[in-house]
Structures are given as C-alpha cells and as structure tokens.
Amino acid sequence: MKSILACFVAVPLLLPLALPAARGDMIPGPYVPKRDVEVIEEPLPVYEIAWSVVAVSMVVSLVVLRLVRQRNVN
Amino acid sequence: MNRLVAFVKPYLQGDARSGDLPVTRQNISVSADPSHLSSRVIGSRVNAAAILSLYGTAHLVVDAICAAVVFRIASAENTPADGFVGVILLYHALAFGLQAVFGIAVDVTRMPRLAAVLGCLVTASALVCPSIPLLGIVLSGIGNAMFHVGGGYISLRITPQRATVPGLFVAPGSLGLLLGAILGTTGKLDPIVLLPIALVLCVLMALSPVLAAEPVPRRNSSSGRREFVLGCILLAIGIRSLLGFLLVFSWESQAVLLVVLTLATVAGKALGGVLADRWGWMQVAVGSAIAALPFLACASTYPVLLIPGMLLVNLGMPVTLAAMAEALPGYPGFAFGLTCLAVLIGGLPPLLGAPVKDPASISLMVLLLSAALYCGLRPWSFNPSIMDTEQECE
C-alpha cells in the first residue's frame with residue numbers, strides 16, 4: 001500500500017520533468033493537428049497552473065486518506 | 001475532428017461517478033434542507049427517479065457547456081497547436097483535479113445540492129465571457145468539478161451499496177460532451193443557447209428535495225485491507241482512463257462512428273450498474289473487462305470492434321464508483337473526487353506523449369485492469385454489503 005501511495009505522490013513530482021517534452025514537437029500526433037498560424041503572444045502558463053492544481057489535489061487527498069485511516073483506527 | 005476525439009475520449013472511458021437499498025424502503029429520507037440528511041421523512045421510488053432525471057439532465061448540460069467552451073477556444077484561429085494541448089490539460093486539471101478537494105468540503109458541510117447548483121451556475125457563466133479565454137476555461141473547470149461532486153454525492157446517497165443510480169447519473173455526461181464539442185467546433189449554433197437551459201435546471205435543483213439514506217455508521221476495519229481495496233480500485237480506474245486516451249483510431253474522424261461510440265459508452269455506463277446490482281459487482285466488472293480484451297486487442301486491425309469493447313469496459317465504471325464510496329463510508333464526495341483524480345492521472349502519460357498503442361500493450365493493460373478489479377472488488381464478490389456487515393462492523 002505504501003508503494004501505491006508513493007506512486008501517487010511521485011506523479012506530481014515527476015510531472016514537471018515531462019512538461020518540457022509536452023511543449024515541443026513531441027506532442028502525440030492524433031491530438032495536435034499542425035497549424036500554420038504564427039505564435040506572437042506569450043503563451044499563458046497553463047502547464048504550470050495545471051501541474052500545481054494536480055499536485056495540490058494529490059497532496060490534500062493523501063492527507064485526508066491518512067486522517068480517515070487514523071479516524072477508523074481510533 | 002481529431003481534436004473532438006481527443007477531448008471526448010477520456011470521458012468515454014468513464015471518470016468520472018449508487019444501488020439498492022431500494023428507495024421504497026424506510027431507510028430513505030427526504031429533506032428540503034441538505035443539512036438534514038439524516039432526517040427520516042417519506043421517500044418513494046418516484047421521488048428518486050425525478051431527482052435522478054433532474055441531475056442527469058443537468059450533468060448532460062454542464063458537460064455540454066464545458067466542451068463547447070473548451071472547443072470554442074481551442075478551435076479559434078489564433079490558438080497554436082500546443083495551445084490546444086495546454087487548454088485541454090488545464091481544463092482537465094481543474095475539472096478532475098479539484099473534485100477531491102471539493103468532495104472533502106461537501107462531505108464536511110453536507111451541502112451537495114448547493115455545490116451542484118453553484119457548479120451549474122459557475123459553468124454557465126463561462127458562456128458569457130468568450131472574449132477572455134483563460135477565464136472561460138477556469139470557470140468551466142471549477143464549475144464542472146463543483147457540480148460533479150454535488151451530483152455524485154447525491155447519487156451515491158440515494159441508494160447506498162448499489163451501483164445503479166451512480167451509473168445512470170454519470171452516463172449522460174458523455175452525450176453532453178459530444179453535443180458540446182459539436183457546438184464548439186462547428187459554430188453552426190451558438191453555445192449560448194445552453195445558458196437558459198442551465199439556469200432553469202439550477203432553479204429546479206435548488207427547489208428539489210434532497211433524497212438521501214440515513215448516514216452509514218462509521219465502522220472499524222482493517223486499515224491495510226481498506227487501503228489495498230482503495231489502491232486496487234484507483235488503479236483500475238487509472239488504467240481504464242489510460243486505455244481511453246490510447247484507443248484513438250483514424251476512423252473516429254467519421255462523425256457517425258463517433259456518435260455510435262458515444263452511445264455505446266453511455267449504454268455501458270447506464271447498464272453496468274443495473275447488471276452489477278443484479279448479478280454481482282465483481283462478476284459484471286471483471287467479466288466485462290475480460291470480455292472486452294479480444295475486442296480492444298483487435299481494434300487496431302478491425303476498428304469497429306472498438307464499439308463493443310468500449311461498451312464492455314464501461315460496464316464496470318458504476319461498480320468502481322460505488323465501491324469507492326463503500327470503501328470510504330461517510331465520505332461519498334471525497335470518494336467521488338478520488339475517482340476523478342485517478343482518471344486524470346491515468347490520462348497524463350498519453351497526453352504527455354507516451355508511445356504505447358500496440359495490441360500487446362493494450363492486452364496487457366486490460367489484463368491488469370481485470371486483475372485490479374478482481375482484487376479491489378473481492379469484498380463485494382457475493383454481496384455488496386458483505387464488507388460492511390460481516391467484516392467491518394464494530
């Protein structure tokens with residue numbers, strides 16, 4: 001069980017490492033049709049926002065799971 | 001059309017989001033005030049069906065609005081290719097990632113109806129700010145998370161220890177996503193037409209009574225066993241989500257087949273709970289996953305086989321949802337949110353470029369899904385309430 005919880009924590013921690021790849025041309029083909037439009041504006045930090053939301057949600061979920069476990073034990 | 005497929009696919013696999021103490025029994029209570037969930041009042045099958053229909057329709061509309069907003073932004077001329085992935089990722093993170101947090105809040109406050117109404121309102125508000133794309137994405141994501149947690153809480157509480165109601169609540173969502181994606185991409189009909197429908201549904205939900213069984217008493221149980229069950233079910237949900245992202249074929253660019261695939265998914269989610277409550281949770285969930293293996297494994301060669309494969313895989317979705325709620329008694333909102341978090345995590349690898357689509361990998365994942373379902377659902381292998389009555393009660 002601890003290993004499952006460890007994996008649960010590891011995902012948000014490792015996610016930033018994968019984000020640079022997701023920004024480049026390594027995006028899987030079926031999802032991203034190529035466009036001819038030039039990007040002029042600075043893109044919004046959507047990846048960082050998304051990662052932060054996922055990480056916070058996972059940490060909160062783990063904390064709540066621990067509290068539920070303690071409550072059941074007690 | 002590929003964008004439409006990429007957006008709808010994860011939902012087709014089932015995110016995320018209850019059964020039979022039949023609502024005609026006296027353990028169902030009706031209260032106009034959600035804070036009085038434990039009050040024993042009159043309940044009836046008609047009331048439950050009306051509430052379920054209302055929230056199911058609202059689910060369809062909310063998901064349609066979200067898909068319309070996301071696709072309207074993603075299809076805009078000035079949206080770069082990687083911007084589309086960013087928009088999808090941000091929306092998924094907000095809509096799926098926040099549900100666990102909102103679920104805890106709903107469990108603590110016991111205000112699921114308020115969450116559903118507010119969620120529907122916030123989602124609808126995303127339609128009126130098309131000129132600020134990021135605000136539209138944030139509003140639709142947060143509103144979607146709030147509504148799902150509120151509606152999921154109510155669906156899980158109407159008939160505890162059963163999978164029928166959650167399945168019927170979740171099923172219309174896939175249809176709404178398809179509708180919204182069509183509205184958002186084709187531009188033939190302005191998605192703003194959904195706004196008055198959403199507002200009417202908000203009023204009806206606010207005026208409707210809250211049906212809920214009496215709170216399930218807190219039980220002591222083996223913590224290790226409970227966590228093992230939770231881990232297995234979450235793993236199964238994650239694998240199902242992963243499969244949904246991976247199984248993308250060129251023929252899906254044909255609208256008719258995409259509609260048929262969506263209808264198969266809706267039918268799978270709706271029928272899964274009914275069949276599972278009749279024949280047993282583990283029998284239906286594990287059996288359907290194993291039965292889906294040959295269809296999904298051969299889908300790359302014969303794409304039409306994906307339709308029965310998706311129907312079979314989705315039969316187990318209401319079961320995993322109800323089992324999560326049973327494994328976390330007293331926390332239906334949090335349980336609902338955790339399933340969505342698993343859907344989000346399961347969808348990340350393919351979204352970030354994991355190149356696993358060969359039949360052998362698909363077969364391996366379906367086998368792993370079956371094994372996780374078997375291990376996770378064993379406490380309910382004979383009787384959905386066995387975990388509560390025989391092994392967990394104080």
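This is a predicted model: local features need pLDDT of at least 70, side-chain atom pairs count only at pLDDT 80 or more; totals for chains, interfaces and linings use all residues.
Figure 1. H5(B) covers residues 112–125 of chain B, and H8(B) covers residues 194–207 of chain B. They pack at an angle of about 170 degrees. Their axes are 9 Å apart. Angles over 145 degrees count as roughly antiparallel, so H5(B) is roughly antiparallel to H8(B). From H5(B), the contact uses B:Arg113, B:Ala116, B:Val117, B:Cys120, B:Leu121 and B:Ala124. From H8(B), B:Leu195, B:Ala198, B:Leu199, B:Cys202, B:Met205 and B:Ala206 meet them. By class, eleven residues of this contact are nonpolar, none is polar and one is charged.

**Figure 2. Helices H10(B) and H12(B) pack with their axes 7 Å apart.** The angle between H10(B) and H12(B) is about 25 degrees. That makes H10(B) roughly parallel to H12(B). Their crossing is right-handed. H10(B) brings B:Val260, B:Leu261, B:Ala264, B:Thr265, B:Ala267, B:Gly268 and B:Lys269 to the contact. H12(B), residues 306–314 of chain B, brings B:Leu306, B:Ile307, B:Met310, B:Leu311 and B:Asn314. Eight residues of this contact are nonpolar, three are polar and one is charged.

**Figure 3. Helix H10(B) also packs with helix H11(B).** H10(B) covers residues 255–279 of chain B, and H11(B) covers residues 281–297 of chain B. Here the angle is about 130 degrees, and the axes are 6 Å apart. The two helices are therefore oblique to each other. On H10(B), the contact residues are B:Gly272, B:Leu275, B:Ala276, B:Asp277 and B:Trp279. On H11(B), they are B:Trp281, B:Gln283 and B:Val284. Five residues of this contact are nonpolar, two are polar and one is charged.

**Figure 4. B:Phe147 and B:Phe169 form an aromatic pair.** A search of the whole structure finds one such pair over all chains. The ring centres of B:Phe147 and B:Phe169 are 6.2 Å apart. Their planes lie at 40 degrees, so the pair is tilted. B:Phe147 lies in helix H6 of chain B, residues 133–158. B:Phe169 lies in helix H7 of chain B, residues 164–186. The pair therefore ties together parts that are 22 residues apart in sequence.

**Figure 5. In chain B, pLDDT stays under 50 over residues 10–42.** For residues 10–42 of chain B, the model has 136 contacts beyond four places in sequence. Residues 384–394 of chain B also have pLDDT under 50. For residues 384–394, the model has 24 contacts beyond four places in sequence. Across chain B, the mean pLDDT is 79. In chain B, 76% of the residues reach 70 or more.

**Figure 6. Chain A has a mean pLDDT of 65.** In chain A, 38% of the residues reach 70 or more. Over residues 20–35 of chain A, the pLDDT is below 50. That stretch has 37 contacts in the model beyond near neighbours in sequence. The model scores ipTM 0.70 and pTM 0.77.

Terms used: Residues are numbered from 1 along each chain as its sequence is written. Chains are lettered from A and ligands numbered from 1 in the order in which they are written. Side-chain values use heavy atoms; hydrogens and water are left out. Axes are lines fitted to C-alpha atoms, for helices over the stretch in contact, and angles run from 0 to 180 degrees between N-to-C directions. Helices (H or I, at least four residues) and strands (E, at least two) are DSSP runs, numbered from the N terminus. Angles under 35 degrees count as roughly parallel, over 145 as roughly antiparallel, 65 to 115 as roughly perpendicular and the rest as oblique. Contact means heavy atoms within 4.5 Å. Ala, Val, Leu, Ile, Met, Phe, Trp, Tyr, Cys and Pro count as nonpolar, Asp, Glu, Lys and Arg as charged, and the others, Gly among them, as polar. A crossing is left-handed if the near helix is turned anticlockwise from the far one by less than a right angle, and right-handed if clockwise. pLDDT is the predictor's confidence in each residue, from 0 to 100. Rings of Phe, Tyr and Trp (its six-membered ring) pair if their centres lie within 6.5 Å; planes under 30 degrees apart count as stacked, over 60 as edge-to-face and the rest as tilted.
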